[in-house]
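Reader: Could we go through this one together? Please begin with the terms.

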Amino acid sequence: MSNLYAYGWRAAGVTVGVPALAGALTACGATGGGAAERSSGGTWAPGITPKWMSEQMGLAVPATAGSPQAAYEITSQFDKGLLTFTLTKPEAEAYLMENPPSGKWLEPTAAQTVKPHDFAHLGLPEPETFKDGIRYGYVCPDAPKTPEPPTSTSDDRCVRLYAHEYAPEHTRIYLRAHFEPGISPLPTPPSTPAG
């Protein structure tokens with residue numbers, strides 16, 4: 001009887017353990033598309049390029065842009081796309097005129113304290129932490145033009161744009177967009193040659 005009792009618990013453990021393991025693998029991004037880096041609250045998808053991310057956002061990266069970087073975080077609530085690059089001050093002004101905000105450009109009254117997460121993944125400070133030389137707004141490339149800014153960051157037609165003049169003649173553009181979960185297809189990361 002005691003062996004049967006012990007067997008019953010082991011069988012129950014397998015029954016519960018297999019779905020739990022499958023859920024953990026799914027949550028960590030262990031899918032056929034390659035390994036993904038797990039972060040608090042989400043998974044950073046591998047193989048994200050600035051070109052792919054700009055296509056998803058509907059905002060081009062200028063050919064003259066320096067240091068373009070992109071990332072895509074998969075979460076349970078909504079996915080998040082990031083894109084950043086640098087421009088000279090005249091190039092940045094032209095870019096901002098081509099991509100005006102819905103409403104007007106805003107400037108912070110004070111720097112915010114935010115936990116490094118989004119752009120920290122790309123090795124950059126979060127744009128909300130700047131007080132000087134920064135302006136921001138919602139750019140909605142596919143939305144009808146209205147005088148009022150969108151009421152939600154999850155509006156899939158809008159991208160949060162930050163322009164930070166980090167040097168007298170240079171500006172870094174930060175773009176952040178939210179997407180419905182499960183954008184597809186994600187790019188396939190390049191395979192590494194066998195060594």
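Predicted model: local features only at pLDDT ≥ 70, side-chain atom pairs only at ≥ 80, totals over all residues.

Author: A charge sits over a ring if NZ of Lys or CZ of Arg is within 6 Å of the ring centre and within 35 degrees of the ring normal. Here the charged end of Arg-160 sits over the ring of Tyr-138, 4.9 Å from the ring centre.

Reader: What is the mean pLDDT of the protein?

Author: The mean is 78, and 69% of the residues reach 70 or more.

Reader: Which cysteines does the disulfide join?

Author: Cys-140 and Cys-158 are joined, with S to S at 2.1 Å; the cut-off for a disulfide is sulfur atoms within 2.5 Å. The link is right-handed, with 105° about the S-S bond.

Reader: Is Cys-140 buried or exposed?

Author: Cys-140 is buried, at a relative accessible area of 7%, and Cys-158 is buried at 6%. Buried means under 20% relative accessible area, exposed over 50%, partly exposed in between (1.4 Å probe, protein chains only).

Reader: Turning to the aromatics, how many pairs are there?

Author: The structure holds 6 aromatic pairs. Ring centres of Phe, Tyr and Trp (its six-membered ring) must lie within 6.5 Å; planes under 30 degrees apart count as stacked, over 60 as edge-to-face and the rest as tilted. Among the pairs is Trp-52 with Tyr-72, edge-to-face at 5.6 Å and 85°.

Conventions:
Residues numbered from 1 in each chain as written. Heavy atoms only, no water. pLDDT = per-residue confidence, 0-100.
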